[in-house]
Amino acid sequence: MARRDKYILKSEYALKNLKHISVIIIISFVVLILRLLYLQVAKHNYFLQLSKKNTIRLLRTIAPRGDILTADGVYYAKNRPSFSVYLFKTKKINKEYLKELGKLLNMDEQDLKNKLQVSPMYTSVLIKSGISRKTVFELLFSDKLSPYINISVTPKRFYPNNAVSHANIVGYISEVSLKDLKKDPYLHVGDYIGRKGIEEKYDRVLRGKSGLKEIEVSSTGAIVKTISETPPKKGENITLTVNSKLQEFIFNLFKKDNLRGSVVVMRPNGAILAIVNSDSFDPNYFVEGLTKKEWQKLKKEHLLHLFDISTQGAYPPGSLIKPFMALAALKEHIITPKTVLYCPYAIKIGKYTYRDWRYGGFGRINLIRALESSSDVFFYQIGMKLGIERIDYNLSKFGFGQSPGLFPYCTPGNLPSKEWKFKKLHQGWYIGDTISTSIGQGYFLASPLQVALAFSMIANNGIGYQPYLAKTAEKTIKYVFKSKYYNEIKKALWLVVNGPYGTGHKAQIKGLDICGKTGTSQVVTSKVYKKIKKLLKKKKIELSKAIKYFPHAWFASFAPLDKPQVVVVVFLFHGEHSSNAAAFAKIIYEELLKLNLLNGFTNLEDGQIHGDNKKSNNST
């Protein structure tokens with residue numbers, strides 16, 4: 001009996017254990033079912049997205065930038081198709097993969113890492129544009145690289161029609177940097193943005209709107225089908241006020257005569273017809289990027305002049321400021337147009353002597369003659385009477401010391417004042433500083449564009465318009481200087497070119513009535529310059545070494561006298577004599593006539609005008 005009870009007890013024990021096991025199994029199934037429900041219901045969208053990311057890729061299609069063309073229909077910037085490489089960012093992309101990809105694309109491994117680092121996971125990142133067909137095939141037929149690579153045809157910027165002649169206007173584009181990406185949320189890795197000129201100023205207008213393509217890929221990375229596509233929207237085209245024939249003519253004129261400098265040709269309303277630098281670059285260099293080695297090579301060969309002389313260069317304007325000094329003195333009632341001052345060869349202030357440019361001086365002359373002959377001593381005297389505060393105040397009304405605003409990087413130049421000198425040099429202001437400022441020397445600096453804007457104000461009887469390059473730009477009044485003496489100033493400037501004592505005779509075209517002002521700005525002291533000239537005459541120094549000591553030459557002008565249609569400013573690096581700049585300007589005016597850019601002057605013969613304008617009868 002005891003033995004039977006023993007088996008009964010064991011059976012009850014087994015049954016009890018079986019119940020425990022059943023409970024564990026049931027609980028396990030419940031947990032498993034709950035987990036399956038969680039994964040398939042609660043986390044359905046999450047895993048669906050992961051699944052899609054393994055088979056579906058989103059490609060951002062780059063929008064073509066808007067074209068840039070001139071007033072006469074010549075394209076300065078266009079687009080053409082090119083191959084671009086996109087890399088799908090996934091955790092499977094390792095160092096070895098990037099090393100091999102970089103070798104094939106001729107890219108630094110670190111650059112590839114940087115591009116991926118700032119891009120979200122499971123997105124296609126634009127790695128390189130403008131690759132060759134050979135590289136495309138090498139990528140697609142590489143079993144290791146191809147699964148994460150996509151090749152797309154994208155627009156590539158290029159600059160046709162002798163781009164070097166107008167690079168300072170158009171600027172260039174280059175790939176965005178990390179700083180650009182942080183600054184602008186609409187930019188993506190691999191995008192290109194404008195760096196200078198029109199490309200920079202109107203970047204957002206030219207950029208357009210990117211498209212989006214959703215594609216399905218196989219396990220090998222091959223495209224199975226396109227699921228959806230939003231096409232990109234091309235950026236807006238920009239038509240410039242520039243005349244391409246005039247722009248290229250002036251650029252070639254610099255090269256032909258082996259001269260360096262800048263020319264601004266502008267309508268009095270601010271529309272720029274040409275803005276030329278002798279030193280330039282090819283914007284096509286930057287489209288695909290430059291390695292450090294390529295950059296250094298171009299710099300060494302003097303093929304990469306990014307400095308814009310016309311807008312960024314600041315140089316002493318010399319005698320060009322005399323008309324503005326005259327207007328300031330007239331407004332402040334220091335003189336009248338009939339005021340006569342005695343102008344000897346030199347005046348002495350303390351232990352310093354300040355000479356005129358003409359040996360023997362000019363004697364007793366009035367304002368009109370002083371401007372015509374460009375007397376320094378006359379303006380020394382009115383400068384001292386005005387004082388630097390009134391000089392600074394009045395000349396600022398013509399835009400001196402302020403950016404013309406054509407581009408963000410335009411220089412303000414320098415209109416010196418007591419405050420500026422103390423802040424910059426920690427020195428007091430002396431009467432000699434005022435005398436130098438009175439003839440545009442010393443600390444006075446201006447760009448060719450600033451000078452053009454200032455002279456347009458004389459042409460407009462005191463109204464200065466914001467300079468502009470895009471035809472759609474609004475015409476904006478930037479400066480106003482009211483005076484009842486503009487006719488007298490214009491008369492004096494007409495005499496500079498056409499009068500018996502004028503310094504700008506070489507710009508004269510009979511019948512056109514050009515009004516202008518010559519200017520020479522010293523690079524070294526007169527004493528050093530004369531010494532260099534003597535050495536040159538005795539052939540003890542080569543011209544190529546001596547020329548850097550020669551003064552800069554200016555000629556600023558507008559025409560015709562009665563109803564000005566154009567402003568022309570010429571600046572020649574170390575041009576030595578302002579008459580050289582005047583002669584250069586004459587050639588430009590002749591080209592303006594040939595291109596019919598001056599209304600009413602279709603034919604000039606023997607000084608007679610066949611058109612709406614009549615020859616001025618102004619006399620000395």
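This is a predicted model: local features need pLDDT of at least 70, side-chain atom pairs count only at pLDDT 80 or more; totals for chains, interfaces and linings use all residues.
User: How many of the residues of helix 13 are buried?
Analyst: Helix 13 is mostly covered. Its buried residues include K322, F324 and M325. P323, A326 and L327 are also among them.

User: Which helices and which strand do the buried residues of helix 13 pack against?
Analyst: The buried set includes A328, A329 and L330. Partners of the buried residues include helix 14 (367-373) and helix 15 (376-396). The others are helix 17, helix 18 (448-459), helix 19 and strand 19 (515-521).

User: How are helix 13 and helix 19 oriented to each other?
Analyst: Helix 13 spans residues 322-331 and helix 19 spans residues 486-498. Their axes come within 11 Å and cross at roughly 150°. Angles over 145 degrees count as roughly antiparallel. The two helices are therefore roughly antiparallel.

User: Which residues of helix 19 make the contact with helix 13, and how do the contact residues divide?
Analyst: Helix 13 contributes P323, A326, L327 and L330. From helix 19 come Y486, I489 and L493. The contact residues divide into no polar, no charged and seven nonpolar.

User: What is the orientation of helix 13 to helix 18?
Analyst: The axes of helix 13 and helix 18 lie 11 Å apart. They pack at an angle of about 50°. Roughly parallel needs an angle under 35 degrees, and roughly perpendicular takes 65 to 115. Helix 13 and helix 18 are therefore oblique.

User: Which residues of helix 18 meet helix 13?
Analyst: On helix 13, the contact is made by P323, F324 and L327. The contact residues count six nonpolar, no polar and no charged. Those of helix 18 are A454, F455 and I458.

User: Is the crossing of helix 13 with helix 18 left-handed or right-handed?
Analyst: Helix 13 passes helix 19 in a right-handed crossing. With helix 18, the crossing of helix 13 is left-handed.

User: Which residue just after helix 13 takes a positive phi?
Analyst: The phi value is about 60°. The residue is H333.

User: How far apart in sequence are the parts that K245 and D72 tie together?
Analyst: The side chains of K245 and D72 form a salt bridge at 3.6 Å, N to O. K245 lies in helix 10 (residues 244-256), while D72 lies in the loop between strand 2 (68-69) and strand 3 (75-88), so the pair ties together parts separated by 173 residues.

User: Is D72 buried or partly exposed?
Analyst: Buried means under 20% relative accessible area. D72 has 27% relative accessibility. It counts as partly exposed.

User: What separates D203 and R207 along helix 9?
Analyst: Their side chains meet in a salt bridge of 2.5 Å, N to O. D203 is buried at 7% relative accessible area, and R207 is buried at 16%. They sit four residues apart in helix 9 (residues 203-207), so the separation is about one helical turn.

User: Which helices does the salt bridge of D433 and K421 link?
Analyst: The N to O distance of this salt bridge is 2.7 Å. D433 and K421 are both buried. The two residues are 12 apart. D433 is in helix 17 (residues 431-438), and K421 is in helix 16 (residues 418-425).

User: Which residues do salt bridges that share partners join into one network?
Analyst: The count comes to 19 salt bridges. Some share partners and form one network. Its members are R65, R157, D184, E199, D203, R204 and R207.

Technical notes: Residues are numbered from 1 along each chain as its sequence is written. Side-chain values use heavy atoms; hydrogens and water are left out. Axes are lines fitted to C-alpha atoms, for helices over the stretch in contact, and angles run from 0 to 180 degrees between N-to-C directions. A crossing is left-handed if the near helix is turned anticlockwise from the far one by less than a right angle, and right-handed if clockwise. Contact means heavy atoms within 4.5 Å. Ala, Val, Leu, Ile, Met, Phe, Trp, Tyr, Cys and Pro count as nonpolar, Asp, Glu, Lys and Arg as charged, and the others, Gly among them, as polar. A salt bridge is a side-chain nitrogen of Lys or Arg within 4 Å of a carboxyl oxygen of Asp or Glu. Buried means under 20% relative accessible area, exposed over 50%, partly exposed in between (1.4 Å probe, protein chains only).
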